[in-house]
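User: Please take a close look at a single part of this model and go through its surroundings in one connected account. I would like the cut-offs stated along the way.

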Amino acid sequence: MHSKGYVHGDVKPENFLLGQPGTPDEKRLYLIDLGLATKWRDSSNTQPKHVDYDQRPDVFRGTVRYASVHAHLGRTSSRRDDLESLAYTLIFLLRGRLPWQGYQGDNKGFLVCKKKMSTSPETLCCFCPQPFKQFLEFVINLKFDEEPNYSKLISLFDGIIGPNPAVRPIITDGAQKVGQKRGRLSMGEDDEEQPKKKIRLGIPASQWISVYNARRPMKQRYHYNVADSRLAQHIEKGNEDGLFISSVASCSNLWALIMDAGTGFTAQVYELSQSFLHKEWIMEQWEKSYYITAIAGANSGSSLVVMSKGTPYTQQSYKVSDFFPFKWINKKWKEGFYVTSMSTAASRWGVVMSRNAGFSDQVVELDFLYPSEGIHRRWDGGFRITATAATWDQAAFILSVPKRKPGDETQETLRTSAFPSTHVKEKWAKNLYLAAVCYGRTVS
């Protein structure tokens, strides 16, 4: 199917059939049920090209047990997804079980995806012949639009099929055609095709994620590991120096505070609350024409909410949710709202959306790790990160297209185990300033 420009979308044991016994087709393998098939190649133009990347976290296509991680996360299907599903199918047929079987309830897909991300190929294939692990490692590290080396993937299994790989027990026309076209490859012939960076191999880690934008030279100040009792003095001193809060974050129930002279705000108020986004206080400030401009939540469930005057916003809405509220975000997008602030408190998400936010388009990148490939693809499409937040499980990035393009569109991200105090100063020297910061899951 891949050679015809389609992704099957639901590769699993039930969708493979052998021909009728006693007929010439009894050893022919059929892949059935094309109900979820989608195009990976756009042939609407005179020169066919790969379909565009997108992510819609509320869309899932496939079967939970065998679906690729990208399918769970709502990313546009491509050839890598069928191959990841095929890897899970082969391992299931060999072992009789996959580690993520047995989850129940409304958040089953979330738990299964999380388990897939945290189960290394070594662990998943520990009772399988070596080629299974090699196959899985290769396919989970494929890029969105990368052409898989089918000949290489087929050749991985030559050593365990039998003494004469040319005589296959099952006829797989598609694979044979690809093999004849590309030529047989033995392992080790093209090591340069090995992934340069292991996308899903590593150990879980929580880190500071910081985002930097190119700006004209301005005064910026940061404070971190700030206890509740010391917050007021830092803010008052900053205000005296003409600085307003532009970003806040939390780590281990201590606060990080970014203040600068480039906010454009005319006045600012804040509240420390034991609840995550204190509704009554927020509504009081809305009545006084203050709008939420920064939020942070602590593991304890408390929150720091900053509201400002002088913003372009004309209306705001916010939601607190146990899961990332993409359906709500998508609904508000249609009403002319855009995400302008975002945070987490333990495993809960808080998202603020505003009218007249100054954006012409906005997307979400949500993952169980730092979504490096997705962010780079969005950057290439003219998007810039405008909000970020992370739990112990997931990291979310809001990327937007500003109505007014800045003169310098440079944006950089950084992941560090400690607050990036020395790095911030290095960025300042290049006129790059902290635009967003959060603490949470970054690798898996």
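The part to examine is helix 5, together with the core that includes some of its residues. Which residues of helix 5 are buried, and what covers them?

Analyst: This is a predicted model, in which local features need pLDDT of at least 70 and side-chain atom pairs count only at pLDDT 80 or more, while totals for chains, interfaces and linings use all residues. Residues are numbered from 1 along each chain as its sequence is written, and side-chain values use heavy atoms, with hydrogens and water left out.

First, the setting. The protein has 13 helices and 21 strands (DSSP runs numbered from the N terminus: helices are H or I with at least four residues, strands are E with at least two). Of its 444 residues, 49% are buried (under 20% relative accessible area, with exposed over 50% and partly exposed in between; 1.4 Å probe, protein chains only). Among contacts (heavy atoms within 4.5 Å) with a separation of 6 or more, 68% join residues 24 or more positions apart.

Helix 5 spans residues 130-140, and nine of its 11 residues are buried, which leaves the helix mostly covered. The buried residues are Pro131, Phe132, Lys133, Phe135, Leu136, Glu137, Phe138, Val139 and Ile140. Their cover includes helix 2, helix 4 (121-124), helix 6 and helix 7 (158-161).

The largest nonpolar core has 23 residues (a core is a set of buried Ala, Val, Leu, Ile, Met, Phe, Trp, Tyr and Cys residues joined through side-chain atoms within 4.5 Å). The members that touch the most others are Ile91, Leu98, Leu124, Phe135, Leu136 and Val139. Two or more core residues come from each of helix 2 (79-95), helix 5 and helix 6 (150-155). Helix 5 gives the most, with six residues.

Setting aside neighbours within four places in sequence, Leu136 contacts Ala87, Tyr88, Ile91, Pro121, Leu124 and Cys125.

Tyr66 and Phe92 are edge-to-face, 5.7 Å centre to centre with 85 degrees between the planes. Because Tyr66 sits in the loop between strand 6 (49-50) and helix 1 (69-72) while Phe92 belongs to helix 2, this pair ties together parts 26 residues apart in sequence.

Phe110 and Phe323 lie 5.3 Å apart centre to centre, with 75 degrees between the planes. Phe110 is in helix 3 (residues 108-118) and Phe323 in the loop between strand 14 (315-321) and helix 11 (326-334), so the pair links parts 213 residues apart in sequence. Phe110 counts as partly exposed at 21% relative accessibility, and Phe323 as partly exposed at 39%.

Terms used. Phe/Tyr/Trp six-rings, centres within 6.5 Å; stacked < 30°, edge-to-face > 60°.
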